Amino acid sequence: MRCANINTAMNHHSIVNLLVTPIPADNLQRNLAIAHPDQTRSLPHVGVMGDTYTILLSSADTDGRYCLIDMFIPPGGGPPPHRHDFEESFSILEGEIEVTFRGEKSVARAGMTINIPANAPHSFTNASKRPARMLCICSPGGQDEFFLAIGVPVASRTTLASKPDEAAMLAKMAALLPKYRSEMVGA
């Protein structure tokens, strides 16, 4: 895995490249959000293709700027190859994940962070014998809404959903992928 380098010529979306205007006033309609994935009862836990995702900060919490998802990936878990028109980063908290990025495989272990650029084909899988846990941030937000739309509610951050009807879930995903600017890609 390569270490990121700073390339200001390609950094078109950085805040320093935006038109300089006064910073808006504090929006008093927005509130502090605090999430404790093992204790906050109101957090949604959702089973998606055998994995369990807990929405820590929803797109609604961040005014659509990003969403933050706690991902519990059992051995053999992970999504099929796909791509989407938003940035996605993972910080591995426990275990390890095998990442396939543009056809090349890498292993990310606890303590590592990876970034998937928008529109790049990728997938990940837990190829180990123990569960993995990672934090996923998607910017802009919306992926949380996709997971809630296709997944099934589960009791906790580590509760695994019963074996999904994979054909039904894939059909539901296929219908919703364009709305969430995503698509499945060949392996």
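Two residues count as being in contact when their heavy atoms come within 4.5 Å of each other. On that basis, take the contacts in the protein between residues at least 6 apart in sequence: 71% of them join residues at least 24 apart. Bear in mind that this is a predicted model. Here's a quick tour of what it shows.

**Fold layout**
- You'll find 2 helices and 12 strands in the protein.
- Going along the sequence, the order of elements is β-β-β-β-β-β-β-β-β-β-α-β-α-β.

**Overall size**
- The C-alpha trace spans about 50 × 40 × 35 Å along its principal axes.
- The radius of gyration is 17 Å, which agrees with the value near 16 Å that a compact globule of 187 residues would have.

- Of the protein's 187 residues, 36% count as buried.

**Helix α1**
- This helix runs over residues 143-150, and its buried residues are Q143, D144, F146, F147 and I150.
- Those residues cover an arc of only 160° around the axis, so they sit on the same side of α1.

Terms used
Residues are numbered from 1 along each chain as its sequence is written. This is a predicted model: local features need pLDDT of at least 70, side-chain atom pairs count only at pLDDT 80 or more; totals for chains, interfaces and linings use all residues. Side-chain values use heavy atoms; hydrogens and water are left out. Buried means under 20% relative accessible area, exposed over 50%, partly exposed in between (1.4 Å probe, protein chains only). Helices (H or I, at least four residues) and strands (E, at least two) are DSSP runs, numbered from the N terminus. The arc is that of the directions from the helix axis to the C-beta atoms. The radius of gyration is taken over C-alpha atoms; the globule rule is 2.2 Å times the number of residues to the power 0.38.
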